Amino acid sequence: MPHRDTLGQCVLDHFAIGVILVDKGAKVLLMNGAARDIVERDDDLALDRRGSCLRLQSPAAARKLKKFISAAVEKGNPGNPHPEAAMAVPRPSLKPPYPLYVSPLPECSVCGTRKASVAIFVSDPGRRYGLSA
């Protein structure tokens, strides 16, 4: 399917929740529109100077996220019974923290690789989402 990546990005951009896919080194491979909106605010959750990795201003939150990503990468390890994790990311603006959920991704059934190793889901608790009936 030639447009698979583009189609996937279009679908993800319709989600109200932010979706960030990272590799085993925590490099951002894909980010949907909702995640981009949150990251561009630079209210603790942002990209590093190179624009390739997530950055958190809070050292404690940064360590926790790194630990969660590492655990998710090691999901195939029998000694890792809980690869999914959730955390609240405190914001310097003192607005409600961003809820963040980290989950491992399976190996691709088509190509047999795991380029994107981890999915990170984030939302803005202060944002009103319009739902149609």
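**A strand and its surroundings**

Author: Start with one pair of residues in this predicted model. Alanine 88 stands opposite proline 99, which belongs to β6. The two strands here, β5 and β6, pair in the antiparallel sense. Their pairing runs over 5 bridges.

Now look along β5. Its side chains alternate.

Next comes the core. The largest nonpolar core has 25 residues. Those touching the most other members are Ile20, Leu45, Leu65, Leu100, Val102 and Ile120. Elements giving two or more residues to this core include β5 (85-89) and β6 (98-104). The helix α3 gives the most, with 6 residues. In soluble globular proteins, nonpolar side chains tend to be buried together.

Beyond its neighbours within four places in sequence, leucine 45 is in contact with several residues, among them Tyr98 and Leu100. Ile38, Val39, Leu54 and Val122 are also contacts of leucine 45.

Finally, turn to aspartate 43. It lies in the loop between α2 and β3 (45-47). Is aspartate 43 buried or exposed? Its relative accessible area is 10%, so aspartate 43 counts as buried, the cut-off being under 20%. Its side chain joins that of arginine 91 through a polar contact of 2.8 Å. Leaving aside neighbours within four places in sequence, aspartate 43 is in contact with Arg91, Pro92, Ser93, Lys95 and Tyr98.

Notes:
Residues are numbered from 1 along each chain as its sequence is written. This is a predicted model: local features need pLDDT of at least 70, side-chain atom pairs count only at pLDDT 80 or more; totals for chains, interfaces and linings use all residues. Side-chain values use heavy atoms; hydrogens and water are left out. A nonpolar core is a set of buried Ala, Val, Leu, Ile, Met, Phe, Trp, Tyr and Cys residues joined through side-chain atoms within 4.5 Å. Buried means under 20% relative accessible area, exposed over 50%, partly exposed in between (1.4 Å probe, protein chains only). Helices (H or I, at least four residues) and strands (E, at least two) are DSSP runs, numbered from the N terminus. Contact means heavy atoms within 4.5 Å. A polar contact is a pair of N or O atoms within 3.5 Å; within protein, one must be able to donate a hydrogen and the other to accept it, and residues adjacent in sequence count only if both atoms are side-chain atoms. Two strands pair if DSSP finds at least two bridges between them.
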